[in-house]
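Subject: The structure I promised you

Hi,

Here is the structure I said I would send over. Have a look at it first, and then read my notes below.

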Amino acid sequence: QVQLVESGGGLAQPGGSLRLSCAASGFAFSRYFMRWYRQAPGKERELVASIPPLRGIANYADSVKGRFTISRDTATNTVYLQMNSLKPEDTAVYYCSAAADRVYWGQGTQVTVSS
């Protein structure tokens, strides 16, 4: 049973921080690229951050570079997205994705940045 369960979303003020988690199960987590996507109202889903099976090569969208950090914990099969210096334009549903020979998606978690 493949599962990707996001958590940690919620309401934050501009300049604040949130940490998203993605708990993975049912597949070879350590062999998959793990990614965070987001979809804002009225916009297409976009790639936010990506981390490979082996630690060391992370990529970020220009809009979040320097503010967001993706990480993974093989021991717990969990991927994180640390979001700092949040902006209203970061408001979106954030989705966790795993990709290798197959692609899996989580259901998403809402992030709202507003004063």
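Predicted model: local features only at pLDDT ≥ 70, side-chain atom pairs only at ≥ 80, totals over all residues.

In case the term is new to you, a disulfide is a covalent bond between the sulfur atoms of two cysteines. The link is left-handed, with -80° about the S-S bond. Cysteine 22 sits in strand 3 (residues 18-25) and cysteine 96 in strand 9 (residues 92-99), so the bond ties together parts that are 74 residues apart in sequence. I searched the whole structure, and it has one disulfide.

Four strands make up an open sheet, in the order 1-3-8-7, with antiparallel pairing. Which strands stand at the edges? Those are strand 1 (3-7) and strand 7 (68-73). Each of the two has a single partner strand, so one side of each is left without a neighbour in the sheet. From one strand to the next, the twist averages 15°. As background, strands of a sheet pair through backbone hydrogen bonds, either parallel or antiparallel. Strand 1 and strand 3 pair in the antiparallel sense over five bridges.

Next, the charged residues. Side chains of opposite charge can pair when their charged atoms come close. How many salt bridges are there? The count comes to three.

You will find arginine 38 in strand 4 (residues 33-39). Is arginine 38 buried or exposed? With a relative accessibility of 5%, arginine 38 counts as buried.

Here are the salt bridges, one by one:

- Arginine 38 and glutamate 46 meet through their side chains, at 2.8 Å from N to O. Glutamate 46 is partly exposed, because its relative accessible area is 32%.
- Arginine 38 also forms a salt bridge with aspartate 90, where the closest N and O atoms are 2.9 Å apart. Arginine 38 lies in strand 4 and aspartate 90 in the loop between strand 8 (78-83) and strand 9, so this pair ties together parts that are 52 residues apart in sequence. Both arginine 38 and aspartate 90 are buried.
- Arginine 67 forms a salt bridge with aspartate 90, with the closest N and O atoms 2.7 Å apart. Arginine 67 is in the loop between strand 6 (59-60) and strand 7, and aspartate 90 is in the loop between strand 8 and strand 9, so the parts they tie together are 23 residues apart in sequence. These two residues are both buried.

Put together, salt bridges that share partners join Arg38, Glu46, Arg67 and Asp90 into one network.

One more thing about arginine 38: a polar contact of 2.9 Å joins its side chain to that of tyrosine 94. Leaving aside neighbours within four places in sequence, arginine 38 is in contact with a list of residues including Arg45, Val48, Ser63, Phe68 and Val93.

Cheers

Terms used:
Residues numbered from 1 in each chain as written. Heavy atoms only, no water. Disulfide = S-S within 2.5 Å. Pairing = 2+ DSSP bridges. Axes fitted to C-alpha atoms, helices over the stretch in contact; angles between N-to-C directions. Buried < 20%, exposed > 50% of the residue type's maximum accessible area, 1.4 Å probe, protein only. Polar contact = N/O pair within 3.5 Å; in protein donor to acceptor, adjacent residues only side chain to side chain. Contact = heavy atoms within 4.5 Å. Salt bridge = Lys/Arg side-chain N within 4 Å of Asp/Glu carboxyl O.
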